[in-house]
Amino acid sequence: MKKIFILSLISFFLNKPAHAQDTLNVPLKTYNIGIFAPLFLDSVFTAGNYKYNKSFPKFILPGLEFVQGAQIALDSMQVYQSNIDASFYDTKSTSQSLPFLINAKKLDSLDLIIGSVRDSDYVQLANFALQKNIPFISATFPNDAGITANPFVVIVNSTLKAHCEAIYSYILQNHGADKIFLVRKHGSQEDRIASYFKSINEPDGKPLLNIQTININDNFLMLENKIDTSKQTVIIGGSLDEKFALKIASVAYTYNRTSPVKLIGMPNWEGMVTGKKAIFQDFPIYFTSPYYNVKWDTYSRMMKDVYLKKYKGNPSDMSYKGFEIVYLFTRLLAKHPNDFMSQLNNNNGKVFSEYNFKPVFLSRQSVSPDYFENKHLYFIRALNGSISKAW
């Protein structure tokens, strides 16, 4: 168990949990929070000495920045008639791995698990949460990793299927009469995206919208031949591949010069298109995201000030996520310890983003939810290097 601070360099302390507490000087209930992230401390320290001089290896940054935001949240919050005992766990520790912690019953006292984890770490925490009836907040992994029948898992970073549902809902309400194309290339991920749109569009076997799927590798002429210059064309970029996404954007940008084209991409397109201001001048590209923070609010300003003083820099998006998730769900636990899961959509504690958690039943035969997932997705517009909320 390791609590992380960044001063001029990384330093760390053992067995020193973080605390957030109310101001009342009376005996209060204490809730134990476990915050898990891949910090790779055993990889960057040798015998207590930092191995990278004054630089930071990129592979540690996402977990480290999440923990920084979480620490600021714990240091700044007041909770409802409670004490919070929060401990940070490095999921990439070689001496105190997740299996070791679980088998040694080091996590049995937790009341809430918050994880910026993925793959096997996610599965292990989810299974442990189910075994011990502990809510597990998956903060950043946009996947269910095959978890089923686990009503203690809460997915904040919505799955790809949820993004496809949100895109479809937007098109159904705003572009039902327009020409709609799902443009994809060959690939397993592309197959999955296409299958999501097909199942959403054909709930009873008959399509609600006329969505034409076009399989393209390098030749976009077949799309050009289908463009109707007399009406709006909606292109769904049905791929997570960056090179293919940029190619679709370039082609749509060209078509838009002679006929109106709306391009809607996948959730990972934000990083691809926001830095292409010069290439896609005055051409908006749309995508969905569960997070939207203009960073003008009170929490964001406080976060910036504290981060600058503490770490001599500006917080990253991952730091904001760490702050928001820990602040939101820790306070929710303190306020509703006995019915936490039924209070997931309590909006009194909103920090940055709006969330709408719904139970997901992967099978009609499911008796209990397979997990809970955030279904509130923002429709974002990227234009000339900046982003804004479009819907």
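Guide: Ala, Val, Leu, Ile, Met, Phe, Trp, Tyr, Cys and Pro count as nonpolar, Asp, Glu, Lys and Arg as charged, and the others, Gly among them, as polar. This is a predicted model, in which local features need pLDDT of at least 70 and side-chain atom pairs pLDDT 80 or more, while totals for chains, interfaces and linings use all residues. Residues are numbered from 1 along each chain as its sequence is written, and side-chain values use heavy atoms, without hydrogens and water.

Visitor: How do the residues lining the second largest cavity divide?
Guide: A cavity is a set of points on a 1 Å grid over the protein atoms alone where a 1.4 Å probe fits but cannot get out, and lining residues have an atom within 4 Å of a point. The second largest cavity, about 70 Å³ in volume (the space filled by probe spheres set on the points, joined across faces, edges and corners), is lined by 11 residues, with V273, F280, F283, A382 and N384 nearest its centre. The lining divides into 6 nonpolar, 3 polar and 2 charged.

Visitor: What is the volume of the largest cavity?
Guide: The search of the whole structure finds 3 cavities of 30 Å³ or more. Residues lining the largest cavity include L328, N345, K350, E354 and F357, and its lining divides into 4 nonpolar, 5 polar and 2 charged. The volume of the largest cavity is about 80 Å³.

Visitor: How far apart in sequence are the parts that F36 and Y89 tie together?
Guide: Rings of Phe, Tyr and Trp (its six-membered ring) pair if their centres lie within 6.5 Å, as stacked (planes under 30 degrees apart), edge-to-face (over 60) or tilted (the rest); the count comes to 18 aromatic pairs. F36 and Y89 are stacked, at 4.7 Å centre to centre and 15° between the planes. Since F36 lies in strand β4 (residues 29-37) and Y89 in strand β7 (residues 82-90), both strands being DSSP runs of E of at least two residues, the pair ties together parts separated in sequence by 53 residues.

Visitor: Are Y307 and Y311 buried or exposed?
Guide: The ring centres of Y307 and Y311 are 4.8 Å apart and the planes are at 65°, so this pair is edge-to-face. Both residues lie in helix α10 (residues 298-311), 4 residues apart, about one turn of the helix; helices are DSSP runs of H or I of at least four residues, numbered from the N terminus. On relative accessible area (1.4 Å probe, protein chains only; exposed over 50%, buried under 20%, partly exposed in between), Y307 and Y311 are both buried.

Visitor: How many of the 19 residues of α11 are buried?
Guide: Helix α11 covers residues 317-335. Helix α11 is largely enclosed by the rest of the structure, because the number of its 19 residues that are buried is 15.

Technical notes. Expected span 1.5 Å × (residues − 1). 1 Å grid on protein atoms, 1.4 Å probe; cavity = no way out; pocket = protein on both sides within 12 Å on 5 of 7 lines; lining within 4 Å.
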